[in-house]
Amino acid sequence: MSQINVDVCIVGGGPAGAMLGLLLAQNSKLEVMVLEQHQAFQREFRGESISQGTVAIMEKMGILDKLKEHGFLQLEGLAMYDKGEKIFSVNFHDFAAEHKFTIDIPQPVLIGAILEKAQEFPNFRLQLGASCIELTEQDDQITGVVYREKSGEKFSVSSSVVVDASGRYSKIRSKAGLQAKIEDFKRDAVWFRLPRPSNWELTTRIKVDGRHHLIILPTYPDTLRIGMNIAKGEYKELRKKPIETFHDHVCKLEPELEGIVQENIRSWSDTVLLDIFTAEVPQWSRDGLVLIGDSAHTVSPILGQGVNLAMQDAYVLAPVIQNYLEVQPQTVIPQHVFDQYESNRKELISFVQNFQADQERDLMAETEEGMENRRIKMSTLNQSPMKIELATKMAYGIFMEHAVNAG
């Protein structure tokens, strides 16, 4: 088995793993390796909306201009409707910061732009088609990984730290003995895409009617990405029904899609199921290992926060790793070094998870009283001076102070 020696081994080449790899490669002389099990980055219905705070990171890293060359959508707001009546809205033009808008761009393009820049640095290495099958340990310290290529050949990577960026179904996490508390929501989501009408505003819509809702996201270049809630575990039975049943549900919630959904969703194979759950991991690190992104904190897909929290994890973690290894090169990074990173990130992520859990409960209200309370709550928040402050915290994350004080 061939041996590879690096300073940092990142498992997972999604947005967070790629971002961390670039940050470490461009700001230090550390040898950085990213292992990605897939051969390409085609990811359907995965975090294509990049929030304002993450857009600010993209500019600081010199990535935003590359994304502009490709093109993306700027989403200008969010609106929630109950039985066709608008009860809540946020206009992103009202934000004070320089980067006011969410952008929507295909995730393979985002990852590709980050990795293209990372590969300009000779101390960065990307290995596609690499499945991590084992963590290596010595004296209760994690010292690296063993990965297998598609050919079956195995490689052992020795590192000062392994960063688990492998996502919501992380096997690295379980191999390291770090337990995740999984909490299922009452719903799953059926995702699909439709052509976007030419007069459709560039605003995220949440359409609610009783116990049912749609989340409609304008998506680059000219489509709508749509999620319809169903009861947890209902998808298998739903697929036994005629596709017209699905059409009826969608058009009742959003009549403007009448005709478009029938023309484009011909069978259940034109839809994708997303299993909705959260994962709370009490401990994010061990000696020689640290978790970021969905490996550490899987969140609900409401408002697309997962990819942004993950990329901001990478931004916060990079200087922690760099600063330690500048002083103590070629040594395993002890767990306590990650304490402040974990504490700081948990504070924001706990806020997001609690906010999302509250939204999930409201969206899945089953009684008339619960539905009326949802309507009152959102209408009241819509009139509250706290609305922009809350929206700013969700949108800007670690850049909130800058966003509030800008202008």
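Modeller: Asn5 has Ser158 in strand 12 as its bridge partner. This is a predicted model, in which local features need pLDDT of at least 70 and side-chain atom pairs pLDDT 80 or more, while totals for chains, interfaces and linings use all residues. Residues are numbered from 1 along each chain as its sequence is written, and side-chain values use heavy atoms, without hydrogens or water.

Strand 1 and strand 12 (residues 154-158) run parallel where they pair, over four bridges; pairing takes at least two DSSP bridges, and strands (E, at least two residues) and helices (H or I, at least four) are DSSP runs numbered from the N terminus. They belong to an open, mixed sheet of four strands in the order 1-12-11-10. Strand 1 (2-5) and strand 10 (131-138) are at its edges; each has a single partner strand, so one side of each lacks a neighbour in the sheet. On average, neighbouring strands here are turned by 25 degrees against each other, direction ignored (axes are lines fitted to C-alpha atoms, for helices over the stretch in contact; angles run from 0 to 180 degrees between N-to-C directions).

As for the helices, helix 2 (residues 52-60) packs against helix 9 (residues 305-327) at about 40 degrees, with the axes 9 Å apart. In contact (heavy atoms within 4.5 Å), helix 2 contributes Gly53, Thr54, Ile57, Met58 and Lys60, and helix 9 contributes Asn308, Met311, Gln312 and Tyr315.
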